Amino acid sequence: MASGAKSFLADAGYGEQELDANSALMELDKGLRSGKLGEQCEAVVRFPRLFQKYPFPILINSAFLKLADVFRVGNNFLRLCVLKVTQQSEKHLEKILNVDEFVKRVFSVIHSNDPVARAITLRMLGSMASIIPERKNAHHSIRQSLDSHDNVEVEAAIFAAANFSAQSKDFAGGICNKISEMIQGLATPVDLKLKLIPILQHMHHDASLASSSRQLLQQLVTSYPSTKMVIVTLHTFTLLAASSLVDIPKQIQLLLQYLKNDPRKAVKRLAIQDLKLLANKTPHTWSRENIQALCECALQTPYDSLKLGMLSVLSTLSGTIAIKQYFSIAPGTTATTARSFDLVKLAQECCYHNNRGIAAHGVRVLTNISASCQEKDLLVLEQDAVFGLESLLVLCSQDSSPGAQATLKIALTCMVKLAKCRPHLSQSVVESLLTQLHSAQDAARILMCHCLAAIAMQLPVLGDGMLGDLMDLYKVIGRSATDKQQELLVSLATVIFVASQKALSSEVKNVIKQQLENVSNGWTAYRIARQASRMGNHDMARELYQSLLTQVASEHFYFWLNSLKEFSHAEQCLTGLQEEDYSSALSCIAESLKSYHKGIASLTAASTPLNPLSFQCGFVKLRIDLLQAFSQLICTCNSLKTSPPPAIATTIAMTSGNDLQRCGRISTQMKLSMEEFRNLATRYGDLYQSSFDADSATLRNVELQQQSCLLISHAVEALILDPESASFQEYTLSGAAHVESEYERRMMSVFNHVLEEVESLNRKYVPVSYLHTACLCNAVIALLKVPLSFQRYFFQKLQSTSIKLALSPSPRNPAEPIAVQNNQQLALKVEGVVQHGSKPGLFRKIQSVCLNVSSTLQSKSGQDYKIPIDNMTNEMEQRVEPHNDYFSTQFLLNLVILGTHNITVESSVKDLNGIVWKTGPKTTIFVKSLEDPYSQQVRLQQQQGQPPSQQQQQQQRTAYSRF
């Protein structure tokens, strides 16, 4: 994680020369002091980049104070630049330490005679509302400026009022009446009223304030029926209801009323937009009557654009709990068939609409009904959904426009969902996809391939049927080297790998290689090889990596590809394993290990300080150790034949009271083997915990490796070491859990088979017999015969999260210790910044950061004193929640023992599901604990045999009494 931070900071420099924080600030300060306006402006606009690069309070505080000075004395253009910088750096505002000083410098401009300067100051105050929500002088200035005769100043005051209303309950309560008077006042121009109304959306701090704002908005809607006024008022109404939560059902009714009765299309469009917002936010508040009213409007409207909007709201609702409420039968009413509902009629009518968007939403509604209302007799609906999807597929696959592609994505998502929930429909869905694949445009073919791969993952039984069509298509595509054709080669190859579940036939491999030689570039070949590694087709992957070795420009890439080639070869060696043939199994594992060791050397050479490949190295090292442990277990099992128990083994067992001794040396060997597998399982668990940025498939893969280690250790214990107390309850693996990949499916099958074998042997025969050792060896071979899957995170990091820590006090030189007296406690302040890549929170988000501080004594100085054990160690933990990606906390450390202490601060994170991840980093500082002068003096006098004088004791007392 620390290295991720380095790369992040290196990227943030945009090619500038690396400077430390102080030098960078001094450089910008020089620009601010320049006499030329251009240089001053350039210095101001470079501050956001500085904040991104060094996001700690000590620098940000100094920088903002300098910007406040520029704001105070500069011209309006410079003030505008400072305002933009403040708005861009909003998340850093709370790191300003001297808030009073910062506000004082900015606020002084509010008394200027220039209305533009006052307007910029008001916008500046509004942008700072999050750190000064209760400043009364700011509140007063905003109120005053609302009465100004200058339009620019009034608009700035409205902006500031909206921001302060969102942050401060007092300000919102105080300004509400003022806003109300201005909106209702005849002197206020209409365009100003339109800007004032949105402030009311922030009046949700308590129920009475929300209620009075709602009444005012209700009056406005009826008093001012003009289009613009109704649109702004209704939208503000919706946002207020969404924030205050209590009035959402009323708001839905109001919007539906306008949608039904207001003849203006603009108002109808706004009502639809707001209904969509409420459907996304609170679908559970939609009653059956609301959905029915929306269906009636959609059935009656003659305008396609409005129908499309209404259907998009209904399709959003159809994927939520609201759909079940709609189909639930109220007590006392007679049951009706699903077909008689208006929603179903509407969806069936729209499925074949000439507007693509309407048809897509209609199909989506039918699919969601089929998927969620499983208890109903929906045979006709299912058929309608399938036919609708097929017609949409034919329509969109011939069109390469962006709109058609977006519609096609909706249709294909519905196909995957339908195949998953209704497996009996999957065959017809796959057939229609394969039929269309030949005549479709390239852009549509890529999306269709993704859909086929997703269906084949869920229902592997359909894979074989696809293979013929896919191979025919693969032979004819790729005539040109366009991007779409290259993408299509990768997508089609992926579907072929998924469809041919066991191993690729030589014919399939030849076709793929032939096409790649004809038209593909190196990147396409690499992507196909990567997919082959993910799907366990290692022989194909090895050949492709081998062909790419000479096509890369840097030695790091060469070593990376070479390591992948070796890993693929190592896994390929394991495909020749046969049950009951243990000697060849050992030679296969040895051959595989040889390639793995070559690969790990190459992988280490491929790593760089900015890209250390820590997950990849950890995963491969564990795989090597696991293969060695498997090899050792087979050798141990064979030792029953090569080194059987001695004749006196039974006597030894009776004498020692350990029944296992009668089995000879195999019992101790098995115990060591079991410990080794348990240790490996723990290490897999650590790798899992350190992979915060990994996708779920990669994490599941690591989990399966861990489970295979636990399974073997359990089998050893149950068969040989402790058959009596072995429990099978905790190891039963439920097949009901949804399996995501073929690799997981096969691993689970092996797990269940091994458990059944072990359970059938357990307690039938006394250990150790050849049946027991054969069972263990077969379990090892069965696990190794499943080709290992190298998942996405091994090749590609989609989410990047790193934590950067700063400790204070910190030494000037990292090697120097910080001096502290042993009768004082060290106050250690820990600050941290969470840094993200381009897709923050893609797989999981940080809820809190756990900071663990520990101190250990490095070297003692002086005499050994008898000190309570509590004072010798410091082990503390605190949890802090980052706000705007920043956190800080303090620890008090007792360092009573004289000498050098090593203080380590380690961070880990907790995600939104409560799982703790060991992300790091780990930071260390050295502290030297010195004896306080008075104790030193007393000790020296005692050594010389002289009692301390009365005068010195009196001085000491008066010195302490001051505190």
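This is a predicted model: local features need pLDDT of at least 70, side-chain atom pairs count only at pLDDT 80 or more; totals for chains, interfaces and linings use all residues.
How do the axes of helix α16 (residues 265-281) and helix α18 (residues 304-318) cross, and within what distance do they come?

Residues are numbered from 1 along each chain as its sequence is written, and side-chain values use heavy atoms, with hydrogens and water left out.

The protein chain comprises 41 helices and nine strands; these are DSSP runs numbered from the N terminus, helices being H or I of at least four residues and strands E of at least two. Of its 963 residues, 51% count as buried, that is, under 20% relative accessible area with a 1.4 Å probe, protein chains only, where over 50% is exposed and in between is partly exposed.

Now to the opening question. The axes of α16 and α18 come within 9 Å and cross at roughly 10 degrees. Axes here are lines fitted to C-alpha atoms, for helices over the stretch in contact, and angles run from 0 to 180 degrees between N-to-C directions. The pair is therefore roughly parallel, a term for angles under 35 degrees, with over 145 roughly antiparallel, 65 to 115 roughly perpendicular and the rest oblique. Among the residues making the contact are I272 and L275 of α16 and L306 and V313 of α18; contact means heavy atoms within 4.5 Å. By class, this contact has seven nonpolar, five polar and four charged residues. Ala, Val, Leu, Ile, Met, Phe, Trp, Tyr, Cys and Pro count as nonpolar, Asp, Glu, Lys and Arg as charged, and the others, Gly among them, as polar.

A second pair is helix α24 (residues 426-437) with helix α26 (residues 463-476), packed at about 10 degrees with axes 10 Å apart. These helices, too, are therefore roughly parallel to each other. Their contact involves V430, L434 and L437 of α24, and from α26 residues including L470 and L473.

Finally, the structure holds zero disulfides, a disulfide being a pair of cysteine sulfur atoms within 2.5 Å.
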